[in-house]
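Please keep the sequence and the model in view while reading.

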Amino acid sequence: MSDFDKITESPSLYDHLEGMEVSELLKFINDEDQKVALAVRESLPSISALVEAMVPRFLSGGRLFYIGAGTSGRLGILDASEIPPTYGMPHDRVIGLIAGGDRAIRKAVEHAEDDTEQAWKDLEAHSISDLDTLVGIAASGTTPYVIGGIRKARESGLLTAGITNNPGSPLARAAEIPIEIPVGPEFVTGSTRMKSGTSQKLALNMISTALMIRIGRVSGNKMVHMQLSNNKLIDRGTRYLVEHLGFSYEKAGEALTQFGSVQKALEHFKK
């Protein structure tokens with residue numbers, strides 16, 4: 001047995017769920033969800049320390065990697081996949097890896113998370129370097145795939161952080177920067193895709209968004225480097241130019257088409 005308390009496995013504060021009305025179930029789930037943001041707030045100093053340490057590495061060509069298994073791995077992949085369209089970054093700057101490989105995104109891969117060596121092999125396939133940052137995500141803080149990757153990465157000079165929902169876990173001890181978010185028992189005992197997963201999503205939003213802002217991918221409060229990959233985003237970019245340059249909507253649209261991004265158009269017309 002582990003030498004720390006597994007809050008994520010502790011019994012739900014509710015029982016006889018199968019006898020509840022749907023309205024009761026939803027209310028109690030929502031009551032529990034209210035606790036998540038407050039738990040994340042307590043971890044802000046650690047999240048801040050990670051971003052501050054990561055920015056100079058990223059500006060020097062380093063990358064941000066997420067590793068996880070199951071829900072945690074999928075959340076890392078989700079966050080990474082949203083960076084190119086939102087901030088116009090190349091796909092190889094923020095990368096999410098999941099135990100079991102890409103097929104595990106949709107279907108669980110049996111025992112994939114139990115291999116302590118595989119995460120480093122997965123990272124080596126990306127020519128990992130000591131400029132890179134590795135964030136391990138595991139609600140329990142005991143996932144061998146994640147802990148093994150974090151330990152090897154730290155030995156190799158990478159900046160490492162671990163997001164976990166169990167304080168004092170092996171992951172928290174292995175990472176240079178532990179990000180511990182104890183959200184309390186899950187509504188369904190042990191179902192860490194719920195409050196634990198929500199807390200991880202909030203933390204990942206903060207990490208990647210703060211990083212993108214600090215490296216200059218936002219101007220004012222606008223996503224000026226976003227990819228213009230659909231009509232909604234083209235319209236948004238056009239309206240940004242109307243607001244910042246005083247152009248008519250038609251002229252702003254022409255400028256956006258000409259220069260291909262809000263930022264390039266702003267740089268040209270504000271010379």
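Predicted model: local features only at pLDDT ≥ 70, side-chain atom pairs only at ≥ 80, totals over all residues.

Does Asp5 count as buried or exposed? At 65% relative accessibility, Asp5 counts as exposed.

## The chain as a whole

The protein chain contains ten helices and five strands. Its C-alpha atoms fill a box of roughly 65 × 50 × 35 Å along the principal axes. The accessible surface comes to about 13500 Å², and carbon and sulfur atoms account for 51% of that area.

Of the 271 residues, 46% count as buried. Among the contacts in the chain with a separation of 6 or more, 68% are between residues 24 or more positions apart.

## The start of the chain

Asp5 is found in the segment before helix 1, which spans residues 22–42. Asp5 and Gly168 are 163 residues apart along the chain, while their C-alpha atoms are separated by 8.1 Å.

His16 also has its place in the segment before helix 1. At 56% relative accessibility, His16 counts as exposed.

Most residues other than glycine have a negative phi. Against this background, two residues deserve attention. The phi of His16 is near 55°, a positive value in a residue other than glycine. Ser127, likewise a residue other than glycine, has a positive phi near 50°.

Ser127 is located in the loop between helix 4 (118–124) and strand 3 (133–137). Its relative accessibility is 58%, and Ser127 therefore counts as exposed, the cut-off for this class being over 50%.

## The largest pocket

The largest pocket has a volume of about 430 Å³. Its lining consists of 24 residues, and those nearest its centre are Ala69, Gly70, Thr71, Glu113 and Thr143.

Which helix gives the largest share of this lining? Helix 3 (residues 70–87) does, with four residues. By type, the lining residues divide into eight nonpolar, eleven polar and five charged.

## The loop between helix 7 and helix 8

Val224 lies in the loop between helix 7 (195–214) and helix 8. Its relative accessible area is 2%, so Val224 is buried; the cut-off for a buried residue is under 20%. Leaving out residues up to four places away in sequence, Val224 touches Arg217, Val218, Ser219, Ser261, Val262, Gln263 and Leu266. Between Val224 and Ser261 there are 37 residues of sequence separation, and a C-alpha to C-alpha distance of 7.1 Å.

His225 belongs to the loop between helix 7 and helix 8 as well. With a relative accessible area of 19%, His225 is buried. Apart from neighbours within four places in sequence, His225 is in contact with Thr86, Tyr87, Gly88, Gly216, Arg217 and Gln263.

## The buried side of helix 10

Helix 10 covers residues 262–269, and its residues Val262, Gln263, Ala265 and Leu266 are buried. They cover an arc of only 165° around the axis, which means that they are on the same side of helix 10. An α-helix has 3.6 residues a turn, so residues three or four places apart point the same way.

What covers the buried residues of helix 10? The cover includes helix 8 (231–245) and helix 9 (249–259). Val262, Gln263 and Leu266 are also among the residues that Val224 touches.

How values were computed:
Residues numbered from 1 in each chain as written. Heavy atoms only, no water. 1 Å grid on protein atoms, 1.4 Å probe; cavity = no way out; pocket = protein on both sides within 12 Å on 5 of 7 lines; lining within 4 Å. Points joined across faces, edges and corners; volume = space filled by probe spheres on them. Helix = DSSP H or I, 4+ residues; strand = E, 2+ residues; numbered from the N terminus. Nonpolar A, V, L, I, M, F, W, Y, C, P; charged D, E, K, R; others polar. Buried < 20%, exposed > 50% of the residue type's maximum accessible area, 1.4 Å probe, protein only. Arc of directions from axis to C-beta. Contact = heavy atoms within 4.5 Å. Areas by Shrake-Rupley, 256 points an atom, 1.4 Å probe, with all protein chains shown as cover.
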